[in-house]
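Trainee: Hello! Could you walk me through this protein, one question at a time?

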Amino acid sequence: MNKNLKKNLIILSSTLVLILLAVFLLLGRKSGTIDYDSKAFAVKDTSNIYKIFIADNYGEKVLLERQTGGYWKVNEQFDAVQKNVNDLLDVIRNISIREPVALSARNNVNKWLATGATKVEIYYYDYRIKIGETKLWKYQNRKTYYIGNVTQDNLGNYAILEGGKDPFIVAMPGFRGFISPYYSPFVNDWRSHNIIKLKISKIKEINVVDFENPDESVHIIRNSNRNFDILTNKNQALSVYDTAKLFDHLSEYRDLNFEFFADDLSKGEKDTILSMKFKEVIITDTENKSTKITLYYMNNELDTVNYEYDFDFVEHFNKDKFYAVINDNFKEMVICQYFVFDRIIQPLRYYYKESELIAIPK
């Protein structure tokens, strides 16, 4: 046999043996472990995300959509809290697989994910061809996964990609905790708490109606580009008033927010609250658009089981917070802080030059 031919046959045989050995080892390894990309759940460029849908198995669902200008909408009708969206995008960008779920626990985890996980759909623009900074053939892509229970060490969540068979433990590197709260399916966790954003230059008129002491109601009306009048409830203008206090009041409307949505109030509780109206603030801008804020007292909740009180010295109403209704939307009450509203709801005498009343400083 030709020496060269013999040599080539030996090399070919050795190569085939090595290939078969490599295939055998690869198949053997796959049967015992799981190959995975640690960033399989992540979307690297979150600036290309234009829609996020989150839903649980109990009917709660949220649709977040990016708008022109970069802000986000919730369920096509509410402005979103930008910080909450930014936090979610940060998780989506950095979410990583910490480890596969142990084989012995995989069936149970899959059952938990099937019945109690939160579904997450992320819609984003991607490119078929990406070479360095060159990106060609843009298309709409989608990534869907399910976020489940917290792990026993409270440092991760069980999760599975749509279409996948094997669950994983996911976490965010550098973050000590679990990430499931960022994927909230509750609308009110995403809605903006802003009541009004209005520059002083855009304010036309403000009515602060005091239902308990009508003589302390305040009517502020613009009389020129730079000046305002303060009127009594009898439509008489104050000849002199404290301009600093007035402009402190007016500046509050630049970014006025409530604290919480008053969820889960029963009809009886709402009826009780609506019987405790004490003030109303109506702000009208230069385009004649009005925003109305109706204020209701909040009863103090006393722990009479564990404490005894001298009721002669206990305040009946909460001195830190109150309820409010925005633009007569009685289906949806909110909770506000006096600390935020202090300069707005002061009585008429507060604006007198000689008044010693002062607003609580911020």
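Mentor: Gladly! Let us begin with a definition: two residues are in contact when heavy atoms of theirs lie within 4.5 Å. Please keep in mind that this is a predicted model.

Trainee: Leaving aside neighbours within four places in sequence, which residues is I293 in contact with?

Mentor: I293 is one of the residues with the most contacts inside the largest nonpolar core. Setting aside neighbours within four places in sequence, the contacts of I293 are I195, L256, K279, E280, V281, I283, A324, V325, I326 and F341.

Trainee: How many residues does the largest nonpolar core have?

Mentor: Nonpolar side chains tend to be buried together in soluble globular proteins. Here, I206, I230, Y253, V281, I293 and F341 have the most contacts inside the largest core. A second, separate core of 31 residues includes I54, L64, M172 and Y183. The largest core has 37 residues.

Trainee: Now to charged residues. How many salt bridges does a search of the whole structure find?

Mentor: Side chains of opposite charge can pair when their charged atoms come close. Some are linked in a network of salt bridges, namely R98, E99 and D153. For the whole structure, the search finds 15 salt bridges.

Trainee: R106 forms a salt bridge with D166. How many residues apart in sequence are the parts that this pair ties together?

Mentor: The closest N and O atoms of R106 and D166 are 3.8 Å apart. R106 lies in helix 3 (residues 106-116), while D166 is in the loop between strand 8 (157-161) and strand 9 (168-171), so the parts tied together are 60 residues apart.

Trainee: Is R106 buried or exposed?

Mentor: Buried means under 20% relative accessible area. R106 has a relative accessibility of 15%, so R106 counts as buried.

Trainee: Which residues of helix 3 are buried, and where on the helix do they lie?

Mentor: The buried residues of helix 3 are R106, V109 and L113. Seen down the helix axis, they fall within an arc of 65°. What covers them includes strand 7 (134-150) and strand 8, whereas the face turned away carries the exposed residues N107, K111, A114 and T115. The buried residues fall within that arc, so they line one face of helix 3.

Trainee: Which elements hold D210 and K279?

Mentor: The side chains of D210 and K279 meet in a salt bridge, at 3.7 Å from N to O. This pair links distant parts of the chain, 69 residues apart. D210 is buried at 7% relative accessible area, and K279 is buried at 7% as well. D210 is in strand 11 (residues 203-210) and K279 in strand 16 (residues 277-285).

Trainee: How many residues apart are K267 and D271?

Mentor: K267 and D271 meet in a salt bridge, 3.0 Å from N to O. K267 is exposed, with a relative accessible area of 63%, and D271 is partly exposed at 41%. Both lie in helix 5 (residues 267-274), about one turn of the helix apart, or 4 residues.

Trainee: Finally, which element gives the largest share of the lining of the largest pocket?

Mentor: The largest pocket has a volume of about 840 Å³. It is lined by 32 residues, and those closest to its centre are D79, N194, I195, I196 and K197. Strand 3 (72-74), strand 4 (78-79), strand 10 (194-196), strand 16 and strand 17 (290-296) give two or more residues to the lining. The largest share, 3 residues, comes from strand 10.

Conventions. Residues numbered from 1 in each chain as written. Predicted model: local features only at pLDDT ≥ 70, side-chain atom pairs only at ≥ 80, totals over all residues. Heavy atoms only, no water. Salt bridge = Lys/Arg side-chain N within 4 Å of Asp/Glu carboxyl O. Buried < 20%, exposed > 50% of the residue type's maximum accessible area, 1.4 Å probe, protein only. Arc of directions from axis to C-beta. Core = buried A, V, L, I, M, F, W, Y, C linked by side-chain atoms within 4.5 Å. 1 Å grid on protein atoms, 1.4 Å probe; cavity = no way out; pocket = protein on both sides within 12 Å on 5 of 7 lines; lining within 4 Å. Points joined across faces, edges and corners; volume = space filled by probe spheres on them.
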